[in-house]
Amino acid sequence: ICATISACEKRSRWEEALQLLSGMTQAEVNANTITFSATMSAIEKGSQWKQTWLLFSAMAGSRVESNVFTFNAAASAYENDGEWERAVQTYSVMAQSKSESDRITCNATISACKEDGWLQALQIFNVMSAKKQEPNTITFNAAISVCEKG
């Protein structure tokens, strides 16, 4: 099922990916972190942040642990749709979980903050430095863009 969900992502067919995940539940097949993450990635490609938020909540409700891929998919979805508050909230949830953020998580969250979240973006940038996560060109460009608009 995971391979099929990933194929949906590549073809920008997020609705079908969500239907597959839903079908698993109806068939009483337990979804795991991988199937949730793959579905979130498909939804992210479809720029459907609300669906991402619902799926992220459903994942927590079904007691499936999130991992860095789950958080990255969610952060990227929020970035794409300018939902900086959700991106920062997801980053905060990640900081409290067993998952460690990576450069992708930080870059997506910083980029999502370009409208009004410049202070949060700079805080995440500073956390990256404190965790010895090397910023890259994307990180610097995102931080500059946030400061320019803030």
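Contact here means heavy atoms within 4.5 Å. Keep that in mind for Glu9. Leaving out residues up to four places away in sequence, Glu9 touches Ala38, Ser41, Ala42 and Lys45. Glu9 sits in helix H1; helices (H or I, at least four residues) are DSSP runs, numbered from the N terminus. Buried or exposed? Glu9 counts as buried, because its relative accessibility is 17%. The cut-offs are under 20% relative accessible area for buried, over 50% for exposed, partly exposed in between, with a 1.4 Å probe and protein chains only.

Now, the model itself. This is a predicted model, where local features need pLDDT of at least 70, side-chain atom pairs count only at pLDDT 80 or more, and totals for chains, interfaces and linings use all residues. Residues are numbered from 1 along each chain as its sequence is written, and side-chain values use heavy atoms, with hydrogens and water left out. pLDDT is the predictor's confidence in each residue, from 0 to 100. The protein averages 86, and 99% of the residues score at least 70. Among its elements, helix H7 (residues 103–112) has the highest mean, 92. Helix H1 (residues 2–10) has the lowest, 82.

Next, the core. A nonpolar core is a set of buried Ala, Val, Leu, Ile, Met, Phe, Trp, Tyr and Cys residues joined through side-chain atoms within 4.5 Å. The largest one has 38 residues. Leu21, Phe36, Met40, Leu55, Ile110 and Cys113 have the most contacts inside it. Take Ile110. Beyond its neighbours within four places in sequence, Ile110 contacts Ala121, Ile124, Phe125, Met128, Thr139, Ala142, Ala143 and Val146.

On to pockets. On a 1 Å grid over the protein atoms alone, a pocket is an open set of points where a 1.4 Å probe fits, with protein on both sides within 12 Å along at least five of seven lines; lining residues have an atom within 4 Å of a point.

The largest pocket holds about 300 Å³ of space. Its lining has 16 residues, with Ala60, Val64, Ser66, Phe71 and Val93 nearest the centre. Helices H4 (49–61) and H6 (84–96) are the elements giving two or more residues to that lining. H4 gives the largest share, 5 residues.

The second largest pocket has a volume of about 210 Å³. It is lined by 14 residues; Ser37, Ser41, Phe69, Asn72 and Ala73 lie nearest its centre. Here the elements giving two or more are helices H3 (33–45) and H5 (68–80). Which one gives the largest share? H3 does, with 7 residues.

Conventions: Points joined across faces, edges and corners; volume = space filled by probe spheres on them.
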